[in-house]
Amino acid sequence: MQEDIKEKQIEITSVVEAEWAKNSKSVFKLEYGRVTVPFQAITLKADQIEIDFGDSQTNILKDEAGNGIFNFEHIYEKAGSYLVTAVASSDQDFGENTLKKRIFVSAGDTPLAAMNVFAEGNPVTLPTASPD
């Protein structure tokens with residue numbers, strides 16, 4: 001009995017893995033007109049990470065230690081909602097992986113709540129408003 005042999009070609013566009021550290025916060029409060037927000041991205045097979053902090057500031061970090069852990073900080077000086085985007089990539093053509101994280105910065109004693117909304121298991125993006 002002969003089996004039908006079928007070939008299927010798949011394309012792998014990236015083997016770079018990346019995620020934000022599990023214990024990272026998303027809500028911060030300005031003190032004396034500024035707040036320093038710490039970030040940690042954990043990667044596999046990434047040599048560098050390019051960050052857009054959501055406030056027109058960007059940065060590129062190299063993995064000098066070779067451990068795939070990127071620790072960095074950013075100073076925000078205005079209250080608001082910021083979408084931080086980090087693209088982890090490889091110099092060895094392993095591809096790239098994009099991380100996104102929303103940061104909320106409040107001013108003064110204005111309370112601020114952050115929540116994730118899902119519909120049928122999928123994240124829902126809601127319009128954001130700055131706490132002015």
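Which residue in strand 5 does Asp52 stand opposite? I looked this up to start: Asp52 stands opposite Thr58.

**Entry: ground rules**

I note that this is a predicted model, where local features need pLDDT of at least 70, side-chain atom pairs count only at pLDDT 80 or more, and totals for chains, interfaces and linings use all residues. Residues are numbered from 1 along each chain as its sequence is written, and side-chain values use heavy atoms, with hydrogens and water left out.

**Entry: overall make-up**

I found 10 strands and zero helices in the protein. Both are DSSP runs numbered from the N terminus: helices are H or I with at least four residues, strands are E with at least two. The pattern along the sequence reads β-β-β-β-β-β-β-β-β-β.

I checked burial next. Of the 132 residues, 30% are buried. Buried means under 20% relative accessible area, exposed means over 50%, and partly exposed lies in between (1.4 Å probe, protein chains only).

The accessible surface of the protein is about 9,800 Å², and carbon and sulfur atoms hold 47% of it. These areas come from the Shrake-Rupley method with a 1.4 Å probe; for residues, only the protein chains shown count as cover.

I also looked at contacts, meaning heavy atoms within 4.5 Å. Among contacts in the protein with a separation of 6 or more, 61% join residues 24 or more positions apart.

I traced an open sheet of three strands, order 1-3-6, with antiparallel pairing. Its edge strands are strand 1 (17-20) and strand 6 (69-76), each pairing on one side only. Neighbouring strands here are turned by 25° against each other on average, direction ignored. The axes are lines fitted to C-alpha atoms, for helices over the stretch in contact, and angles run from 0 to 180 degrees between N-to-C directions.

Strands pair if DSSP finds at least two bridges between them. Strand 1 and strand 3 (residues 35-44) have four bridges, in the antiparallel sense. Trp20 stands opposite Ala41 in strand 3.

**Entry: the strand 4 and strand 5 hairpin**

I went back to the opening pair. Strand 4 and strand 5 are antiparallel, over five bridges. Their hairpin has five residues between the strands, and Gly54 in the hairpin takes a positive phi near 80°. Ser56 is in the loop between strand 4 and strand 5 (58-62). Its phi is near 75°, positive in a residue other than glycine. Ser56 is exposed, with a relative accessible area of 69%.

**Entry: aromatic rings**

How many aromatic pairs does a search of the whole structure find? I get five. Rings of Phe, Tyr and Trp (its six-membered ring) pair if their centres lie within 6.5 Å; planes under 30 degrees apart count as stacked, over 60 as edge-to-face and the rest as tilted.

Phe39 and Phe72 are stacked, at 5.3 Å centre to centre with 15° between the planes. This pair links distant parts of the chain: Phe39 is in strand 3 and Phe72 in strand 6, 33 residues apart. Phe39 is buried at 5% relative accessibility, and Phe72 is buried at 7%.

Tyr76 and Tyr82 are tilted, at 4.5 Å centre to centre with 40° between the planes. Tyr76 is buried, with a relative accessible area of 0%. Tyr82 counts as buried at 10%.

I then looked for a cluster. Trp20, Phe39, Phe53 and Phe72 form one.

**Entry: Lys45**

Where is Lys45? I place Lys45 in the loop between strand 3 and strand 4 (48-52). Lys45 is not a glycine, yet its phi is positive, about 70°. At 44% relative accessibility, Lys45 is partly exposed.

Lys45 also lies over the face of Phe94, at 5.3 Å from the ring centre. For a charge to sit over a ring, NZ of Lys or CZ of Arg must be within 6 Å of the ring centre and within 35 degrees of the ring normal.

**Entry: Ser26**

I ended with Ser26, in the loop between strand 1 and strand 2 (27-29). Ser26 is partly exposed, with a relative accessible area of 26%. Which residues is Ser26 in contact with, leaving aside its neighbours within four places in sequence? I list Lys101, Arg102, Ile103 and Phe104. Ser26 and Arg102 are 76 residues apart along the chain, and their C-alpha atoms are separated by 6.7 Å.
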